[in-house]
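Trainee: I would like to learn how to read a structure like this one. Can we go through it feature by feature?

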Amino acid sequence: MGWKGPSRVPTPPCRGQGHLPPAQLSSSPASNTSRERALCLTPNLLRLSPPRSSPLPAQVSSAALHNRSAAALRERRDGQTDGRDGQVAGRCAPSNSTGCDGMGCSCPGGRAAPGMLLVLLLQRCLQLLLLPIHALACLGLWDSFYKRLFPHVMAKVAPVYNHKVYKQKQELFSSLRRFAGPLGQLRLLEIGTGTGTNFQFYPAGCRLTCTDPNPNFRMFILKNLLQNQHLQLERLVVASGEDLHQVADGSMDVVVCTLVLCSVSSIRRVLEEVLRVLRQGGAFYFLEHVAADHCSWTYFWQQVCDPFWKYFGDGCCLSRETQEELEKTNFSELNLRHFHVPPCWIPTSPHIIGYAVK
Ligand SMILES: C[S@@+](CC[C@H](N)C(=O)[O-])C[C@H]1O[C@@H](n2cnc3c(N)ncnc32)[C@H](O)[C@@H]1O
């Protein structure tokens, strides 16, 4: 990847055919001109379980993946590792392979009938418990109340979360400078800025455009900017990621999204907007919690909690297959890694992190 993995993860091969170091990748002319898709995963992630019908070896290089169809990529992705211990973590991998749960894989969500019945039963219990909130939501009252409360919740939660993923964020954002324009200036757009918890990771002189559909975050963003005077705020726009018409085509070097794609109404439309506002060769940086391995207890709990999580996460969805959407989008390069944020039994533990180049 374009950023070094944790010490256990050696620098992975990238850009399809090449096994070049990341710095070379972003500066290589091919990376800016080729529309060819290269799926670049760390060796941990590259350890794919061979599909039942295919004689592919367990280790598939990015070169091997280079020309595969999206369907084939998905099939292989279903058997990829969780990036935590390098073990295979397929959708229904062997019982010791999902790792995180420490419960073994009994396919709680995967054994169709009893699993689904249990999910439905637990959902009914939660529905009863949360009936007052559900009623307020049906009356349209919960959303307006929570939109005002959510920034205060995030102001408390974001520093705790940042502490947990500090190393990963630092490592990810350390490569931002590579995408600066010819004069060394970096025009960065953040979608769903929230309280501005990522500001501390942006390089000095960065020209920042902040967007968020919730205007109640404004005060928190401005406060955070006061503490991050190395940044230069260009604009603060109230806008959803699906409609960034205030931002001109090709006007950004980098777009950042952290913990946002779980809440948007259409990931595809957001990614289309990302591609539109990025200049050729610009990069989209992401860090998102995603659907767990379908064979894990984490996925089981994601399914149980999903209908209600949105009430407390401002529309947040627990079981989004965000990687699938990223793979479908017309980026020339996708660098992605899976990891778990502790404690690993919580439904928001499985994460993807990385960047994609236009
Ligand atoms: C969990 S918070 C994350 C905030 C911040 N990015 C962070 O990492 O701390 C989710 C953010 O996404 C924003 N959001 C929700 N729906 C959105 C949409 N459709 N487009 C853009 N942002 C959205 C929310 O207002 C909120 O700021």
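Trainee: Let me begin with a loop. Where is the place of Pro 343?

Mentor: Keep in mind that this is a predicted model. Pro 343 sits in the loop between β7 (333-340) and β8 (350-357).

Trainee: What joins Pro 342 and Pro 343?

Mentor: The general idea is this: most peptide bonds are trans. Here, a cis peptide bond joins Pro 342 and Pro 343, with omega at about -5 degrees.

Trainee: How do I read phi? Which value does Leu 259 take?

Mentor: Most residues other than glycine have a negative phi. Leu 259 has a positive value, near 55 degrees. Its loop runs between β5 (252-258) and α11 (267-277).

Trainee: Is Leu 259 buried or exposed?

Mentor: The cut-off for buried is 20 or more other C-beta atoms within 10 Å. Leu 259 has 23 of them, so Leu 259 is buried.

Trainee: What about Asp 314, and what phi does Asp 314 have?

Mentor: Asp 314 is not a glycine, yet its phi is positive, about 55 degrees. Look for Asp 314 in the loop between α12 (297-312) and α13 (322-328). Asp 314 counts as buried because it has 20 C-beta neighbours inside 10 Å.

Trainee: Now a helix. How many residues of helix α7 are buried?

Mentor: Of the 8 residues of α7 (residues 131-138), the number buried is 0, so α7 lies largely in the open. Just after α7, Gly 140 has a positive phi of about 80 degrees.

Trainee: At what angle do α7 and helix α8 pack?

Mentor: The angle between α7 and α8 (residues 141-164) is about 100 degrees, and their axes are 5 Å apart. That makes the two helices roughly perpendicular. On the α7 side, Ile 133, Leu 136 and Ala 137 make the contact; on the α8 side, Leu 141, Trp 142 and Asp 143 do. These residues divide into 5 nonpolar, no polar and 1 charged.

Trainee: Which residues have the most contacts inside the largest nonpolar core?

Mentor: They are Leu 188, Tyr 202, Val 254, Val 255, Phe 284 and Tyr 285, in a core of 62 residues. Take Val 255: leaving out residues up to four places away in sequence, Val 255 touches Leu 189, Ile 191, Val 274, Val 277, Leu 278 and Phe 284.

Trainee: How many residues surround the ligand?

Mentor: There are 22, and the closest are Gly 192, Gly 194, Ser 240, Gly 241 and Thr 258. By type, the shell divides into 8 nonpolar, 11 polar and 3 charged.

Methods. Residues are numbered from 1 along each chain as its sequence is written. This is a predicted model: local features need pLDDT of at least 70, side-chain atom pairs count only at pLDDT 80 or more; totals for chains, interfaces and linings use all residues. A residue is buried if 20 or more other C-beta atoms lie within 10 Å of its own, exposed if 12 or fewer, and partly exposed in between; C-beta atoms are placed from the backbone. Helices (H or I, at least four residues) and strands (E, at least two) are DSSP runs, numbered from the N terminus. Axes are lines fitted to C-alpha atoms, for helices over the stretch in contact, and angles run from 0 to 180 degrees between N-to-C directions. Angles under 35 degrees count as roughly parallel, over 145 as roughly antiparallel, 65 to 115 as roughly perpendicular and the rest as oblique. Two residues are in contact if their C-beta atoms, placed from the backbone, lie within 7 Å. Ala, Val, Leu, Ile, Met, Phe, Trp, Tyr, Cys and Pro count as nonpolar, Asp, Glu, Lys and Arg as charged, and the others, Gly among them, as polar. A nonpolar core is a set of buried Ala, Val, Leu, Ile, Met, Phe, Trp, Tyr and Cys residues joined through C-beta atoms within 7 Å. A residue is near a molecule or strand if its C-beta atom, placed from the backbone, lies within 6 Å of it.
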